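Morning, everyone. Please bring up the model, and we'll go through a pocket and then a helix pair.

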Amino acid sequence: MLIRLGVQLTTSPNYSLFIDVPRWDDMHAMKRIAIVHSEFQSEGLLAALHVNGRTDSDFRRWAEFVGARPEVTHLAYEFTTGTGWAERQEQHADWLCGLASTVKRPLKLVLRGGMDVANKLASAFDQVTILDTTSFFKTMMRKRASLNGRLAWVEARTAAGSPVDALFAENIRSVGSWIEKSLSTPGVTETH
């Protein structure tokens, strides 16, 4: 059905890994990620494999897994939850760069969050696509993007029941412009 709807790329689920559960719980989540990715691909839907991990060993295993499967052309990663912590963000970016280097073939990355490490990742991947969900969420909260050297959000009151299409389009343009100015590496694209 997703293919009939025109979906051209999806990401495998990001089954969470936790530090306060037995390790086999993480291993089970990573296995589920790989299984769902395989199921998407077997139905003809291009899928980005979400290589969730939290240890050096996890990323060595993912590198081996991806390296042995030429059908894996896209990876996905999100930096908006635990991986978004400043203390962990660089480590996860290093793991992803190491995985890309180990695989030794062009890989594309679908990135959610992680603007602070996007340039580093773009140097390791053939292409990085940044998913922006903030524009939609902030529009629904009646906020307008403001670019004064950095991205900020200001009130944008609307009459009850009035459409927010124009505000949404403006927010998409503003966030896109901010992303472009924030990135210095060619090969980074952004979508909404």
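The second largest pocket has a volume of about 220 Å³. A pocket here is an open set of points on a 1 Å grid over the protein atoms alone, where a 1.4 Å probe fits, with protein on both sides within 12 Å along at least five of seven lines. This is a predicted model: local features need pLDDT of at least 70, side-chain atom pairs need 80 or more, and totals for chains, interfaces and linings use all residues. Numbering starts from 1 along each chain as its sequence is written, and side-chain values use heavy atoms, without hydrogens or water.

Now the lining. It has 14 residues, each with an atom within 4 Å of a point. Gly113, Met115, Leu131, Asp132 and Thr134 lie nearest the centre. β4 (108–113), β5 (127–131), β7 (151–155) and α6 (165–182) each give two or more residues. The largest share, 3 residues, is from α6.

Next, the helices. α1 (residues 23–42) and α2 (residues 56–67) pack at about 25°, axes 13 Å apart. That angle makes them roughly parallel (under 35 degrees). On α1, the contact (heavy atoms within 4.5 Å) uses Arg23, Met27, Met30, Ile33 and Ala34. On α2, it uses Asp58, Arg61, Trp62 and Phe65.

Technical notes: Axes are lines fitted to C-alpha atoms, for helices over the stretch in contact, and angles run from 0 to 180 degrees between N-to-C directions. Helices (H or I, at least four residues) and strands (E, at least two) are DSSP runs, numbered from the N terminus. Angles under 35 degrees count as roughly parallel, over 145 as roughly antiparallel, 65 to 115 as roughly perpendicular and the rest as oblique. Grid points are joined across faces, edges and corners, and a volume is the space filled by probe spheres set on the points.
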